[in-house]
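Here is a walk through a two-chain model, one spot at a time. Keep the viewer open and follow along.

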Amino acid sequence: MSDTRQLVLAAVLLAAALAAPAFVGNYWLRVLTTVFMFGVVAQGLNVIVGFAGYHAFGNSVFFGIGAYAAGVGMTLGLPVWIAVPVAVLVATLVAAILGWPLLRLRGHYFAIATVALNAAATEAIINIGGVTGGAQGLPLPFSALPPTTLYRIIYFAMLAALVLATGVVFWLSRSRLGYALRALRDSEDGAEVMGVDTVRAKILAWMISAAMTGAVGGLWAYWLTFIEVGTAFDVSISVRGYIMMLLGGMGTVIGPVIGAALFQLVGDAIWSHFSGIHNLLLGALVMAVVLMVPRGLLDSLSRLRPPARRGRRPAEA
Amino acid sequence: MLAQTFVNGLLLGGVYGVATIGFSMVWGVMSIINLAHGAYIMMGAYLAYLMAARLGIDPFLSMPLVMAALFCVGFAVQSLLLNPVMRTSVLLTLAMTFGLDLFLVDVFVALFTSDIRSVNTSYSSEALAIGPVLVSYVRLAAALLSLALAGLLYLVLTRTRLGQAILATALDREAARLMGIVPERIYGYTAGIGAALAGAAGSLASTLFPISPGLGNSFIGAVFVITVLGGIGSVTGAVAAGFVYALIQSFAASYLGVNYQEIVAFGLFLVILVVRPQGLFGKRFFGEV
């Protein structure tokens, strides 16, 4: 899909999202907030996986870190509008520090290392105890706002995060860094030879990815008012993001957003009828996506048109 | 205490080794990280449990049947789901096996609920006393059988035409094709053997651990670390690393506390990945035996 088409689609979606709270009830407000949240997670993965080609399966670690940073910050007395940026900062910092050893690993190794990192972070939070609440979980201070107002604020905050994240990806798609990342995705050695500082580019990409994921992690903690390690560091968060990214088309600007919307909306319709076998359906859906639309819906749709008009195609990893 | 910890680690190591060999071989030969390997182990454990509970067949005796069943599963999964996406990208096979794992685990939750089950044999609680150290017969048998299986696989890979074909395909897929080998079929056999070994590990695990649909997931972390530790695709490496890992885990659990098991394992993993990505014993040669 060409850039202008993606832009038009994005504008229509944004207008709909801005108008939605006036028309929908609490249930759909919550569903849409979840869509935006996963949209950001998917965009975060898009940066590191779709652009840089590093398969961060355990990117949920930044979601958990963001949630815990915001949660701990708020229990220590920070207002939410400082706690969430702090969460972003902490997640970004962790990515910067861990990026140096971990991003030296390629392919499968990096994917597993991020999953292991997620497991270790879970253990670490439990073992630290004290201010993190350990295994018992961490209750956040209640907001004084009435629930309806609060949920609207969270809705718009998540939407803002999604718009910001998509904006960053749009910028990335035409920036020097974006070209460097795509070059190193296709051939790391080749990019190095062409003068790309691959180490710097990779670490920057992971930091951007962590910042996005950490931001929604922090907002999510504020939304839930109670967090515990099992749900905050749940690998299925990044796995869902992954499927959404694959579904929409990785390496595209709005693919992950569309994937998130489709997956979450269809999922919500299906899940509610089959509460016991979520994962069975989720697993079957993952397999179906991989077999049938491995390059994502945006790409599959654009293939329906004559090839001459097709824009830049997201290359496979 | 020291001696007992050592023996416990050693006995567990064999099972870890068998749980890892299949995974490591599949990774080495086909570049597939089979995230459903844990689910295969779990399926093996349930099959062994069913045969013991319904038909009264001892898990050690039903193992060949379990392995045969899992071979078919592995072969079918490879042919139907994985071969079609092998060419495109590394990531897709990973996503595919992840989906498969979610699917299989939930199928077993639906069939058997999440209740914990166990296989009890007449000799379950008996142990051989060597001085102050107790050696459980079941664990000893499991460890010895593990070594026997590893030895058997080593012979299959080095001495049979199928084994040679698997190694050849791992080394150079296109050259193997020119020699009249059909890579897709070899991939099917490799995946089948990998699944069969997972089934064997599941059989052994059913005699040692409580059985639940989550059983495989408790193994998969260890399997990853051992694979990398032993060198990807190396059978002997996986066995040796299984022992090393089990010893480290058993000492970490008894001296630092069970909570630190995973952190120690992760730390070890990270250090190996960064310092010696080819594994402790391995060379950078996939499909090595």
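This is a predicted model: local features need pLDDT of at least 70, side-chain atom pairs count only at pLDDT 80 or more; totals for chains, interfaces and linings use all residues.

## A nonpolar patch on chain A

Two helices of chain A, helix 1 (3–19) and helix 6 (147–174), each supply at least two residues of a nonpolar patch.

Take Phe156(A), which sits in helix 6 of chain A. Is Phe156(A) exposed, partly exposed or buried? Its relative accessibility is 35%, so Phe156(A) counts as partly exposed.

## Where the chains meet

How big is the area buried between chain B and chain A? It comes to about 3200 Å², and carbon and sulfur atoms give 79% of that. On the residue level, chain B brings 36 residues to the contact and chain A brings 37 residues. Three residues of chain B stand out: Leu91(B), Asp106(B) and Phe266(B) supply 18% of the area that chain B buries against chain A, more than any other three residues.

Polar pairings between the two chains are quickly listed. There are zero salt bridges between chain B and chain A, and one residue pair is in polar contact, counting pairs with both residues at pLDDT 80 or more. On the chain B side, the elements giving two or more residues are helix 4, helix 9 (215–230) and helix 11 (261–275). Helix 4 of chain B has the largest share, with 14 residues.

## Met96(B), a residue between neighbours

Helix 4 of chain B (residues 90–112) is also where you'll find Met96(B). With a relative accessible area of 1%, Met96(B) is buried, because the cut-off for that label is under 20%. What does Met96(B) touch, leaving aside its neighbours within four places in sequence? From chain A there are Met287(A), Val290(A) and Leu291(A), and from chain B there are Leu81(B) and Leu82(B).

Look at Asn34(B) as well: it is 62 residues away from Met96(B) along the chain, yet the two C-alpha atoms are separated by 8.8 Å.

## Two loop residues with positive phi

Thr225(A) isn't a glycine, but its phi is positive, about 60°. You'll see Thr225(A) in the loop between helix 9 (198–224) and strand 2 (226–227) of chain A. Its relative accessibility is 19%, so Thr225(A) counts as buried, given that buried means under 20%.

Chain B has a case of its own in Ser31(B), again not a glycine and again with a positive phi of about 60°. Ser31(B) is in the loop between helix 1 (2–30) and helix 2 (37–54) of chain B. At 33% relative accessibility, Ser31(B) counts as partly exposed.

## Buried helix faces

In chain A, Thr92(A) belongs to helix 4 (residues 80–102). Thr92(A) is buried at a relative accessible area of 17%. Not counting residues up to four places away in sequence, Thr92(A) touches Met207(A), Ala210(A) and Ala211(A).

Over in chain B, helix 6 (residues 161–171) has Gly163(B), Ala165(B), Ile166(B), Leu167(B), Thr169(B) and Ala170(B) buried. Which helices do these buried residues pack against? They pack against helix 1, helix 5 (137–159), helix 7 (173–178) and helix 8 (183–208) of chain B.

## Salt bridges

Over all chains, the count comes to six salt bridges. One of them joins the side chains of Arg185(A) and Asp186(A), at 3.3 Å from N to O. Arg185(A) is buried, at 15% relative accessible area, whereas Asp186(A) counts as exposed, at 51%.

Another brings together the side chains of Lys202(A) and Glu188(A), at 2.8 Å from N to O. This pair links distant parts of the chain, 14 residues apart: Lys202(A) is in helix 9 of chain A and Glu188(A) in helix 8 (residues 188–193) of chain A. Both Lys202(A) and Glu188(A) are buried.

In chain B, the side chains of Arg173(B) and Glu184(B) meet in a salt bridge at 3.2 Å, N to O. Arg173(B) lies in helix 7 and Glu184(B) in helix 8 of chain B, so the pair ties together parts that are eleven residues apart in sequence. Arg173(B) is buried, with a relative accessible area of 19%, and Glu184(B) is partly exposed, at 27%. Arg173(B) and Glu184(B) also belong to a network of salt bridges that links them with Glu174(B) and Arg177(B).

Note on methods
Residues are numbered from 1 along each chain as its sequence is written. Chains are lettered from A and ligands numbered from 1 in the order in which they are written. Side-chain values use heavy atoms; hydrogens and water are left out. Helices (H or I, at least four residues) and strands (E, at least two) are DSSP runs, numbered from the N terminus. Buried means under 20% relative accessible area, exposed over 50%, partly exposed in between (1.4 Å probe, protein chains only). Contact means heavy atoms within 4.5 Å. Buried area is the accessible area (1.4 Å probe) that two parts lose on being put together, summed over both. A salt bridge is a side-chain nitrogen of Lys or Arg within 4 Å of a carboxyl oxygen of Asp or Glu. A polar contact is a pair of N or O atoms within 3.5 Å; within protein, one must be able to donate a hydrogen and the other to accept it, and residues adjacent in sequence count only if both atoms are side-chain atoms.
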